[in-house]
Amino acid sequence: MSKQNLQKLELTWIGKGNEPKLEPRILIEDPTKSFGDPKSENMLIHGDNLLALKALEQQFAGQKNVSLLTLLTILEMLLSIMMME
């Protein structure tokens with residue numbers, strides 16, 4: 001196939017190129033939903049992943065490793081554990 005016959009594929013969607021500038025957010029703990037060791041630095045954040053990461057970026061930039069577990073990642077981990085049993 002020559003270079004002239006190659007086609008460029010591109011994903012497009014409504015609003016592409018007009019992404020809003022994300023403003024910094026503050027994470028507020030809800031003690032009624034907290035569980036586990038209160039002295040632990042672990043956090044389980046429910047909501048928009050991008051907004052949560054932007055909020056964590058200010059607090060932990062250059063300090064901590066952040067693991068983003070999506071539902072798919074958690075399901076893969078559970079399936080691998082179940083297969084080992």
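This is a predicted model: local features need pLDDT of at least 70, side-chain atom pairs count only at pLDDT 80 or more; totals for chains, interfaces and linings use all residues.
Visitor: Where does Met43 lie relative to α1?
Guide: Met43 lies in the segment before α1.

Visitor: And is Met43 buried, exposed or partly exposed?
Guide: Partly exposed, at a relative accessible area of 47%. That label applies because the value falls between the 20% and 50% limits.

Visitor: How far is Met43 from Glu29?
Guide: In space, 9.4 Å from C-alpha to C-alpha; in sequence, 14 residues.

Visitor: Moving on to α1. Which residues does the helix cover, with Ala55 in it?
Guide: Helix α1 spans residues 49–60, and Ala55 is found there.

Visitor: What does Ala55 touch?
Guide: Arg25 and Leu27, again leaving aside residues up to four places away in sequence. Glu23 is 32 residues from Ala55 in sequence, with 9.1 Å between their C-alpha atoms.

Visitor: Is Ala55 buried or exposed?
Guide: Ala55 has 6% relative accessibility and counts as buried, because buried means under 20%.

Visitor: How much of the chain is buried?
Guide: Buried residues account for 5% of the 85 residues.

Visitor: What about total surface, and how much of it belongs to carbon and sulfur?
Guide: The accessible surface of the chain is about 8,900 Å², and carbon and sulfur atoms hold 58% of that.

Visitor: Which residues make the nonpolar surface patch?
Guide: Leu71, Ile74, Leu75, Leu78, Leu79, Ile81 and Met82 make a patch of about 680 Å². One of these, Leu79, is found in helix α2, which runs over residues 71–84.

Visitor: Now charges. How many salt bridges are there?
Guide: The count is one salt bridge. Glu10 pairs with Lys16, and their closest N and O atoms are 3.0 Å apart. That qualifies because the limit is 4 Å.

Visitor: Why would side chains pair like that?
Guide: Opposite charges on side chains can pair when the charged atoms come close.

Visitor: Are Glu10 and Lys16 buried, exposed or partly exposed?
Guide: Glu10 is exposed, with 53% relative accessible area. Lys16 is partly exposed, at 34%.

Visitor: Which ring does Lys16 lie over?
Guide: Lys16 lies over the face of Trp13, at 5.0 Å from the ring centre.

How values were computed: Residues are numbered from 1 along each chain as its sequence is written. Side-chain values use heavy atoms; hydrogens and water are left out. A salt bridge is a side-chain nitrogen of Lys or Arg within 4 Å of a carboxyl oxygen of Asp or Glu. Buried means under 20% relative accessible area, exposed over 50%, partly exposed in between (1.4 Å probe, protein chains only). Helices (H or I, at least four residues) and strands (E, at least two) are DSSP runs, numbered from the N terminus. Contact means heavy atoms within 4.5 Å. A charge sits over a ring if NZ of Lys or CZ of Arg is within 6 Å of the ring centre and within 35 degrees of the ring normal. Patches are made of residues with over 30% relative accessible area and no salt bridge: like charges are joined within 9 Å, nonpolar side chains (Val, Leu, Ile, Met, Phe, Trp, Tyr) within 5 Å. Accessible areas come from the Shrake-Rupley method with a 1.4 Å probe; for residues, only the protein chains shown count as cover.
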